[in-house]
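This report covers a helix residue, a helix pair and a sheet. Please have the sequence and coordinates at hand.

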Amino acid sequence: SPAEDRRPIAILTTGFDYTRAAIAARLARDGEGEIIAWDVPGNDRFPFATAGDTELMMALVNLLPAAAPVSLLPIKVDPDDPASLAKALAFIARTPARTVLVPMWTSTPQTWDLFAKAAAHFSDLRIVIRGCPDLIATPETRVYPRDLDLPNLATAATADDDPSAPLQAYVAALPCRRP
């Protein structure tokens, strides 16, 4: 089926409404047509939320031409729980996805310690993080995960011929305005 021919791109999310037809059509699926996804806090395969990242997911879906061979493999996390972020990478490592979109950020380094260890361990994953172009990195104003020093973190898309490049560029360009 066309959905099975699409290369999965993982995305960490706070949950979203995957019953929207446009989003449902882009989700990674297994051989039986079931979505490939995980809800780390809920410990099940349904990363649903009535609001959450629904608008972000719609924006990503709208960036892809209908024929683009890309599917989204969502993992719902609690961005304030360091273990949740690390468990998400462990789940992704067991899937066909090799690129991970991480749209969340914080200025709290402790939140990202376990994520950094997991990212170093799963070094075959390319992790595209929110670039926060509006925040200059200084010792006093660090932004995580952007300011982690890991070789598999990226704040730019891969080559233009990568069908997921528009998604990577979108996440990397997301601003990080401080409250």
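## Ala-120

Ala-120 is partly exposed because its relative accessible area is 44%; buried means under 20%, exposed over 50% and partly exposed in between, with a 1.4 Å probe and protein chains only. The model is predicted: local features need pLDDT of at least 70, side-chain atom pairs count only at pLDDT 80 or more, and totals for chains, interfaces and linings use all residues. Residues are numbered from 1 along each chain as its sequence is written, and side-chain values use heavy atoms, without hydrogens and water.

Ala-120 belongs to helix 4 (residues 113-121). Helices (H or I, at least four residues) and strands (E, at least two) are DSSP runs, numbered from the N terminus. Between Ala-120 and Asp-149 the C-alpha to C-alpha distance is 9.9 Å, at a sequence separation of 29 residues.

## Helices 3 and 4

Helix 3 (residues 82-93) packs on helix 4 at an angle of about 15°, with the axes 7 Å apart. Axes are lines fitted to C-alpha atoms over the stretch in contact, and angles run from 0 to 180 degrees between N-to-C directions. Helix 3 is therefore roughly parallel to helix 4, a term for angles under 35 degrees.

In contact (heavy atoms within 4.5 Å), Pro-82, Ala-83, Leu-85, Ala-86 and Leu-89 of helix 3 meet Leu-114, Phe-115, Ala-118 and Ala-119 of helix 4.

Six strands form an open sheet in the order 2-3-1-4-5-6, paired in parallel; two strands pair if DSSP finds at least two bridges between them. Strand 2 (38-39) and strand 6 (153-154) are the edges, each pairing on one side only.

Seven parallel bridges link strand 1 (residues 7-13) to strand 3 (residues 70-76). Arg-7 has Val-70 in strand 3 as its bridge partner.

Methods. Angles under 35 degrees count as roughly parallel, over 145 as roughly antiparallel, 65 to 115 as roughly perpendicular and the rest as oblique.
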